[in-house]
Amino acid sequence: MLAELINPYYLQVLSFILINIILGVSIYITLSTGQLSLGHAGFMGIGAYASAILTLDYHMPLVVGIVVGAILAGIVGLCIGIPTLRLQGVYLAIATLGFGEVIRVLFINLEGLTKGAVGISSIPHIGRELVKGLQDFGFKASMIGLKNNQLISLSVFLLLLIITLLIIAFFIRQTNSRVGRAFAAIKMDERAAEAMGVNITYYKVLAFAQGAMVAGFAGALFAHVTAYISPADFSYHRAVEILIFAIFGGSEVIWGPIFGAAFLTAMPEILREVNEYRYMIYGVLLVVMMAFRPQGLIDTQMIYKLKQRRKKKGVS
Amino acid sequence: MVLEVRGITKRFGGIQALTDVTFQVGKGEVFGLIGPNGAGKTTMFNIITSMFPPTMGEVIFMGKKLTGLKPHEVTEAGVCRTFQNIRLFPEMTVLENVTVGQHCRTKSGVWSSVFRTGAQKQEEKSIREKALELLRLVGLEELQDTFADNLAYGQQRRLEIARALASDPKLLLLDEPAAGMNESETKDLFDLIQNIKKLGITVLLIEHDMPLVMRICDRLIVLNFGKEIAQGTPEEIKNNPEVIEAYLGREEEEDLA
Ligand SMILES: Nc1ncnc2c1ncn2[C@@H]1O[C@H](COP(=O)(O)OP(=O)(O)O)[C@@H](O)[C@H]1O
Ligand SMILES: [Mg+2]
């Protein structure tokens, strides 16, 4: 029964949806202080390459590779976030876009480390490592009536699901706190925020580094799910795609980019023909959203109304 | 002295917005800053709160030099302001706006917020209680869940005062708080400023509503084209011929026109 339901292909699609949701959260964090970044593909790439190299060339455990990859991306985010503090809106977008391109060119040119444009293959796979671990404990796929590759896909999916939920919970709590209110104040009116005692430098750099770190984390997971990465995975297309998650879904509340990422990743899988026109559709989406609903599909008002309705029901 | 403004000069390119302005404000005073539009009053507020630096001069607050600090450090030191062109956080509720005002008096960071430590929960509770108390003071308690954007003009002005008070200021700067208010709202504002004064907070007030200014201020300074033309009690100001000519007189002419 279970064995027939578990299709490795669909599980893989779901896994990519989860990774994109994490990327959506990463852009949401940066945007929640009003900073528009097109550098998230670069941060993602740093996490991916760092973890791939550490696990493959230096035989580090996956956990170490992924954590170091994320932290490294966060540190680079810190180094980019500080000098670009004074840049607003589109100027920041251009600067971070330039940063992303520099990173991609570095991936191509540092051949000794990154294998250049060809990319890195045979990166240790999370699922296989997990299943190997389970086998060491004497647990086999056949014990629950699954084939080995089914168990691999299932374990990847479940692990990513848990990680994604934890990340979402983390940032929901942060948003509903003193830190989140400082972020929101800066986004709405930077000058007023600092006049009210908010250290805008600290919180803007914090948000930028957090966003970079989460993107790097997603990149590291991506490397160990596909087992193959190349500079093309972290090009400007990826940066725009991540931003589209937030523009389409909305960036006012965390559910916006989560929905955007899930919907836009699932769509091409459901409608095969769509995939070919993907970037064209992104372009049209951008224009349409900017014209008719610049705040994205899901906004504060919508969440507010839902909450009010729930409150009313609770009372009556 | 709570506030000492020493020889402040400010130039914007060719515009001389302030020229060598000096005044002192004592503890618990309501000190008025008046003068026609463009006189440099708001510029003085921006310099006191370090929104930008003066070209010359310095600002001392309770013995501490404010000039050169970042705006949030000025707020931390105990000086907070409202804005002439209201600058609330429009997509936050009334209550949330006031909680942001408490930012520099609270501590919770990322980790305590994510793990909801006991101290963080306690702090959130006290932030909320204090915000509600301030909303009660300015008469906006009923509207706590309304988005700031949806408030009427006079309510927005009062919310700005509550938000500024949330930072526990020793010195409160009010930039034209009565602008756009009707008569009964202005009367409420008068009572509010009196109450703020009773809390021991020193107030620096920019206002065009002369009857209000004359009734509520202990002392005032009159600026014209960035220069001081008079300083003193409301009685002294009212009878100062230069003031009557430069400011009060012209106001009457405008009224006639
Ligand atoms: N940021 C600024 N840049 C350039 N000029 C400014 C700036 N702020 C104020 N000014 C100029 O300084 C003068 C004083 O303005 P302001 O302080 O706003 O006057 P008031 O508040 O008394 O009406 C005006 O001529 C105004 O145009
Ligand atoms: Mg002004």
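The chat below goes through ring pairs, charged pairs and the chain contact in a predicted model.

Colleague: Before we start, what kind of model is this, and how are residues and chains labelled?

Modeller: This is a predicted model, in which local features need pLDDT of at least 70 and side-chain atom pairs count only at pLDDT 80 or more, while totals for chains, interfaces and linings use all residues. Residues are numbered from 1 along each chain as its sequence is written, chains are lettered from A and ligands numbered from 1 in the order in which they are written, and side-chain values use heavy atoms, with hydrogens and water left out.

Colleague: OK, rings then: how many aromatic pairs are there over all chains?

Modeller: Searching the whole structure gives 20 aromatic pairs over all chains, where rings of Phe, Tyr and Trp (its six-membered ring) pair if their centres lie within 6.5 Å, and planes under 30 degrees apart count as stacked, over 60 as edge-to-face and the rest as tilted. The pair W111(B) and F115(B) is stacked, because the ring centres are 5.9 Å apart and the planes meet at 15 degrees.

Colleague: Are W111(B) and F115(B) buried or exposed?

Modeller: Both W111(B) and F115(B) are exposed, which is the word for over 50% relative accessible area, with buried meaning under 20% and partly exposed lying in between (1.4 Å probe, protein chains only).

Colleague: And which rings form a cluster in chain A?

Modeller: One aromatic cluster is made up of F16(A), Y49(A), F107(A), F222(A) and F234(A).

Colleague: Switching to charges, what sits over the ring of F89(B)?

Modeller: The charged end of R163(B) is placed there, 4.8 Å from the ring centre; the rule asks for NZ of Lys or CZ of Arg within 6 Å of the ring centre and within 35 degrees of the ring normal. R163(B) also forms a salt bridge with E160(B), at 3.5 Å from N to O, a salt bridge being a side-chain nitrogen of Lys or Arg within 4 Å of a carboxyl oxygen of Asp or Glu.

Colleague: Where are R163(B) and E160(B) in the chain?

Modeller: They are three residues apart in helix α6 (residues 153–165) of chain B, so about one helical turn separates them. R163(B) counts as buried at 0% relative accessibility, and E160(B) is buried too, at 1%.

Colleague: Which parts of chain B does the salt bridge between R6(B) and E58(B) tie together?

Modeller: That salt bridge, at 3.1 Å from N to O, has R6(B) in strand β1 (residues 3–12) and E58(B) in strand β4 (residues 56–61), so it ties together parts that are 52 residues apart in sequence. Strands (E, at least two residues) and helices (H or I, at least four) are DSSP runs, numbered from the N terminus. R6(B) is partly exposed at 36%, and E58(B) is partly exposed at 23%.

Colleague: Last topic: how many residues does each chain give to the contact?

Modeller: Chain B gives 36 residues and chain A gives 30 residues, with contact meaning heavy atoms within 4.5 Å. About 3000 Å² is buried between the two chains, and carbon and sulfur atoms give 62% of that; buried area is the accessible area (1.4 Å probe) that two parts lose on being put together, summed over both.

Colleague: How many salt bridges are there between chain B and chain A?

Modeller: The count is two, and R87(B) forms a salt bridge with D189(A), with the closest N and O atoms 2.8 Å apart. R87(B) also lies over the face of F83(B), 5.4 Å from the ring centre.
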